[in-house]
Amino acid sequence: MTIKVIRISDEPIEKWSDDLEVPDGEIGEFAVCGPVVTKEYYNKPECTKLAKIYDGKKLYHRMGDVGYKGKDGDFWFCGRKSHRVRAKGGDMFTICCEGVFNAHPSVFRTALVGVPDGDWEKPVICVELEKDTDKSSEEIIGELKKTAGNFEHTKNIDTFLIHPSFPVDIRHNAKIFREKLALWAKEKVER
């Protein structure tokens, strides 16, 4: 298998070009090429058009995942392309941002979502607390805001919302339905 990191786009890319690749360390979209890559989606030509890039006889599949290639040659996952927040200061990625806040001892998990804000999205962190926390929600949010300011990629996040229990896929409790959370967050922010 060959793995490439290409510039992020929501548009089809019909033909492979080496200038699609981003430099090591820059976040882009993963594209893979190899014998297990399927040629098309069954009866879904629009999905095929968005996910496949042709390079002569080779075919690259756009994974829908974003990340980067480190200097050591390892690939680092930063989240799903469709879950990125299109913030005024640049795209923000779920795994990168959430990891900062998930480290708080009173936090069970967080989810970065975007709330419409003109031409951009306002980054919002939804927070699900640990059941046994003895701190108030206000105290925890204050600590999370302080933590956000300590990192370049989270410093623009100033909205934190406590959610009682994230909507998740019943098959595996880790897959958060971010689309539902984003609607919930939008309603809370607009009040």
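Let's start with Lys81, which counts as buried because its relative accessibility is 12%; buried here means under 20% relative accessible area, exposed means over 50%, and partly exposed is in between, with a 1.4 Å probe and protein chains only. Lys81 sits in the loop between β5 (75-80) and β6. Helices (H or I, at least four residues) and strands (E, at least two) are DSSP runs, numbered from the N terminus. And what does Lys81 contact, leaving aside its neighbours within four places in sequence? The list is Ile8, Ser9, Asp10, Glu29, Arg62, Gly64, Asp65 and Val66, where contact means heavy atoms within 4.5 Å.

A word on the model before I go on. This is a predicted model, in which local features need pLDDT of at least 70 and side-chain atom pairs count only at pLDDT 80 or more, while totals for chains, interfaces and linings use all residues. Residues are numbered from 1 along each chain as its sequence is written, and side-chain values use heavy atoms, with hydrogens and water left out.

Strand β4 (residues 58-69) and β5 run antiparallel and are joined by five bridges; two strands pair if DSSP finds at least two bridges between them. Lys69 is opposite Phe75 of β5. The β4 and β5 hairpin has five residues between the strands, and there Gly73 takes a positive phi near 90°.

There is another positive phi to look at. Asn43 has a phi near 55°, and Asn43 is a residue other than glycine. Most residues other than glycine have a negative phi. Asn43 belongs to the loop between β2 (28-33) and α1 (45-51), and at 61% relative accessibility Asn43 counts as exposed. In helix α1 itself we find Cys47, which is partly exposed with a relative accessible area of 38%.

On to the sheet. In what order do the three strands of the open sheet come? The order is β8-β9-β10, with mixed pairing. β8 and β10 (159-162) are the edge strands, each pairing on one side only. From one strand to the next the twist averages 30°. Axes, by the way, are lines fitted to C-alpha atoms, for helices over the stretch in contact, and angles run from 0 to 180 degrees between N-to-C directions. Four bridges hold the parallel pairing of β9 and β10, and Cys126 has Leu161 as its bridge partner in β10.

Helix α3 packs on this sheet, touching β8, β9 and β10, and its direction makes about 145° with that of β10. With 12 residues, α3 reaches 16 Å from its first C-alpha to its last, close to the 16 Å expected at 1.5 Å a residue; the expected span is 1.5 Å times one less than the number of residues. Ile140, Ile141, Leu144 and Ala148 are buried in α3. Seen down the axis, these buried residues fall within an arc of 100°, so they line one face of α3; the arc is that of the directions from the helix axis to the C-beta atoms. Over on the other side of α3, Glu138 and Lys146 are exposed. The cover for the buried face of α3 includes α2, β8, β9 and β10.

Then there is helix α4 (residues 178-189), which lies across β8, β9 and β10 and runs at about 70° to β8. Its buried residues are Arg178, Leu181, Ala182 and Ala185, and they line one face of α4, since they fall within an arc of 100° seen down the axis. They pack against α2, β8, β9 and β10, while Lys180 and Leu183 on the other side of α4 are exposed.

Last, the cores. A nonpolar core is a set of buried Ala, Val, Leu, Ile, Met, Phe, Trp, Tyr and Cys residues joined through side-chain atoms within 4.5 Å. Which members of the 17-residue largest core touch the most other members? They are Phe101, Ile157 and Phe160. At least two residues each come from β6 (85-87), α2 (94-102), β8 (107-117), β9 (120-129) and α3 (137-148), and the largest share, four residues, is from α3. Beyond its neighbours within four places in sequence, Phe101 has contacts that include Val107, Ile125, Leu144, Ile157 and Phe160. Apart from this core lies another, of 12 residues, among them Ala111, Val113, Val115 and Ala185.
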